[in-house]
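The following exercises are to be worked through with the sequence and the model at hand. Each task is followed by a solution in steps.

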Number of protein chains: 2
Amino acid sequence: MTLSEATGKLNEIEKAAYALEHAQAVLAIDGDTVAPKNSWKGRGKALAYLGELTYRQMVNPETGEVLETILAHGKDTDEVTFRRAEVLKESYDSMHVLPMEEFVAWQELTNEAGAVWREAKARSDWAMFSSCLERIIAARRRYAALKAPEKPAYDVLMDEYEKGASMETLDPFFRTLRDELSPVIREVAAREKPVPGFLKQVWPIEGQRVFSEKIMALQGIDPLNCTLGETEHPFTNGMNKWDVRITTHYHAEDPFDSMYSVIHEGGHALYDLNVRDDLQFTCLHGGVTMGIHESQSRFYENLIGRSRAFCGPLLKILREVFPEQTGSLTEEELYSAINLAKPSLIRTEADELTYSLHVMIRYEIEKAMLAGDLTVKDIPGEWNRMYREVLGVEVPDDRRGCLQDCHWSFGGIGYFPSYALGSAYGVQMLREMEKTVHVWDAVARGDLSPVTGWLKERIHQYGSLKKPCEILPAAMGGPLDAGVYTGYLKKKYGELYHL
Amino acid sequence: MTLSEATGKLNEIEKAAYALEHAQAVLAIDGDTVAPKNSWKGRGKALAYLGELTYRQMVNPETGEVLETILAHGKDTDEVTFRRAEVLKESYDSMHVLPMEEFVAWQELTNEAGAVWREAKARSDWAMFSSCLERIIAARRRYAALKAPEKPAYDVLMDEYEKGASMETLDPFFRTLRDELSPVIREVAAREKPVPGFLKQVWPIEGQRVFSEKIMALQGIDPLNCTLGETEHPFTNGMNKWDVRITTHYHAEDPFDSMYSVIHEGGHALYDLNVRDDLQFTCLHGGVTMGIHESQSRFYENLIGRSRAFCGPLLKILREVFPEQTGSLTEEELYSAINLAKPSLIRTEADELTYSLHVMIRYEIEKAMLAGDLTVKDIPGEWNRMYREVLGVEVPDDRRGCLQDCHWSFGGIGYFPSYALGSAYGVQMLREMEKTVHVWDAVARGDLSPVTGWLKERIHQYGSLKKPCEILPAAMGGPLDAGVYTGYLKKKYGELYHL
């Protein structure tokens, strides 16, 4: 096969892959937002068949030859084509280790598990979800053993979300977070601030929907290319730069819960929306790892969205939509309110200070789960024990405990560490950005374009074209350093709580 | 090939067909409701590839042999399998006449046309939509010529929506409607009633959303199996009996516009929701023709939803959601208000009396379009001329004229007559139903289950298992008789307007 033949066939493979992935993504988004509850059976049949087509398309001798041919030409090939082959080869290798029946059964299992998890969470019924999770863990262990028998299963799975992540690097990372942050968390808890009166009001959901639109506009998200849906557990899904979906979940008693979901998912969306045109409809159109993706979402959510400078534009929008509820609220009071720190139950609603310890608990549980040291039956007990030990809170039920997150239901074991890594990457990116951008002047003006422009330049535009090792050092100004992250948190909360 | 082999392969064909159809349906629903405006390009790529797979799956010698084998066995085969082969053979024959490239280009064209039509309608810009429509008409004419060269193109197309519909039967049908109804319409127009004060209020959309839920509940639609979305032009799409979607469009100045869309689409939904379990995930899972489908939607919308008996339960729900707006409104006033008859511009908002003449205008225009007697450029002029001549109204712009309906954009030329036929079928079904069901007592109690039960028994349960000729005579108590339909309208409006 010549290079030119291989490149032609690569285009055919990508055309099919794009179409199948697009369809699978829309089925998933639809299932998680507006589809009727009982729709999961029919959707499972559709996803299973689309999965079978994806597998057949990818795992066959011709695809293997196409990829080998392009990769063998190395420097003779253009950068984009070479990298497309490289990224597709990773998918090829992942699929190749599984028989088709197992690959298809996995699509059906995770589709079913999504429906079961939603119901189990609503009923706070761990036993209901257990059998699905047992099958998911078994399937993931089997996959890990086939993929890289020489490595621990959990390392194999984490690598799917963050290239090169391993327990060897994450154990000390989380140890630093715990050691450095636990004393601050204790001090902050001792100086607990009361919840301000303005937060104890009703914030009608219809108003919150309008508020969301204004937040997206402030973030620079074009509604022609990105819409907002409603779901149980917020997520982002981008098919291409002209079709990105974000989601949120409204609570009438708290406008900030949804708002920070919107800004978080909006950060993911901006990554997908800013990828170069020539990478669209190829496997390079999306973010390169989940860790880097989460660095973008957590960047907007916290580093920008919970900054002092952001309180000016935020209060302005809040006043427009909720004039009664905001009354005489000042920027300073708002800044304090959106940064109340207190050990709590729900990861997605946690303050910045305690957030990474929520992630650490999941990391430890997944590690034990994969190593065979923790059965599914024992997860709730262990979860509750760790929340007591690490955060000092009592978990009242599994809905607010080990059933809160959707990740295990879609098979995303090994995903969680990306949130903590992303948070840490983000702080280092901010420090680097501050060297050349007047970040806080711009944010205070309500103009996020210099921030997004910098991130687009260094990260977004490349999609998956550049490897993490090519993107991160330049964007972070050096290697990962948990101390920069904990230093940021200690300084911020030291000032907020006069420690 | 043995019968048993053929049946096994039929199951495989249907499995693939279901999955592809499910995916295409969800992409379409998503595109028409929540997807960002610019998403159409990526969706087009996905739909084109799924179309290609559908074609390859269906048009190949093995599928042909499977279908021939089963059909050749006739009575030896069970009823469901035989009918599945028969219905698939129709799809096979339709696809077979087109080369794959044309079939795929059609998916892309109608996807693009949907996006262009929405934009053109918003701008009231016929020229913007013209090139798409020209290509659609050319493709449909070519298809009709390949499918049945001996028949007029318009007959071939109408047959796709209503088996056996032809100009030979529809010309006299519409002539009767026009001749019988025109004098009544003129008399009613002469006795025009003023719009009652209660209708000149604001009906907040958030309240209308709650109202929709209550209307669906009254109609007996289980939200676990059917959800309501929002769109430009309301439609229903059912993947299986556990996954049906209906849509509406809200206007703050008028709660009845959306309400009658909900009841209309709810009628379609009930048909899909009530099909037998053993027909699910086969090509028999949906309604057998669009004419019969529209008979169900128009049955609930008008025969039930605009009846005197329905005003009791309707007023009760209206009062629950809009206590201020309904004030001292009586059932009698409500009955008069929901049956105001007046020649108007918009088909979907038309009263029962004038409705079929809106359809007739589209029928005449499509006929001329397909015969080559009317160019796309001349459609607005002809449309406006006919609205003036038939209904006596001046069309102020194409948004409220020939751009109002979505049908041509999805290629549905020949669909419109189904609305008028369905309306006529429905009245004959009602007359038959009244022989054994206490329709109006039940409706007045707010209990639609005897009505739906009868329709399920005679029509819904069969999906596409029985042919129209096996279903209709029993449900209608005889052949189509336009006089029954016009008789019903003349009596109802005679009483309402004291003619």
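**Exercise 1. Determine how many helices and strands chain A has, and describe its overall dimensions.**

Solution. The model is a predicted one.
Step 1: In chain A there are 21 helices and three strands.
Step 2: Its radius of gyration is 23 Å, close to the 23 Å that the globule rule gives for 499 residues, so chain A is as compact as a globular protein of that length.
Step 3: Taken along the principal axes, the C-alpha atoms of chain A fill a box of roughly 70 × 50 × 45 Å.
Step 4: A residue is counted as buried if 20 or more other C-beta atoms lie within 10 Å of its own; by this criterion, 48% of the 499 residues of chain A are buried.
Step 5: Consider the contacts in chain A between residues at least 6 apart in sequence: 73% of them join residues at least 24 apart.

**Exercise 2. Characterise the packing of helix 15 of chain A against helix 16 of chain A.**

Solution. 
Step 1: Locate the two elements: helix 15 of chain A spans residues 352–371, and helix 16 of chain A spans residues 379–391.
Step 2: Their axes lie 10 Å apart and form an angle of about 145°, and the crossing is right-handed.
Step 3: Helix 15 of chain A contributes A:T354, A:L357, A:I361, A:E364 and A:I365. From helix 16 of chain A come A:I379, A:E382, A:W383, A:M386, A:Y387, A:V390 and A:L391.
Step 4: Classified by type, the residues of this contact comprise nine nonpolar, one polar and two charged.

**Exercise 3. Identify which elements of chain A give two or more residues to the side that touches chain B.**

Solution. 
Step 1: The contact involves 33 residues of chain A and 33 residues of chain B.
Step 2: The elements that give two or more residues to this side of chain A are helix 1 (3–33), helix 2 (40–58), strand 1 (226–230) and strand 2 (236–240).
Step 3: Helix 1 of chain A supplies the largest share, nine residues.
Step 4: By type, the side of chain A that touches chain B has 18 nonpolar, eight polar and seven charged residues.

Note on methods:
Residues numbered from 1 in each chain as written. Chains lettered and ligands numbered in written order. Predicted model: local features only at pLDDT ≥ 70, side-chain atom pairs only at ≥ 80, totals over all residues. Axes fitted to C-alpha atoms, helices over the stretch in contact; angles between N-to-C directions. Helix = DSSP H or I, 4+ residues; strand = E, 2+ residues; numbered from the N terminus. Left-handed = near helix turned anticlockwise from the far one by under 90°. Contact = placed C-beta atoms within 7 Å. Nonpolar A, V, L, I, M, F, W, Y, C, P; charged D, E, K, R; others polar. Rg over C-alpha atoms; globule rule 2.2 N^0.38 Å. Buried ≥ 20, exposed ≤ 12 C-beta atoms within 10 Å, placed from the backbone.
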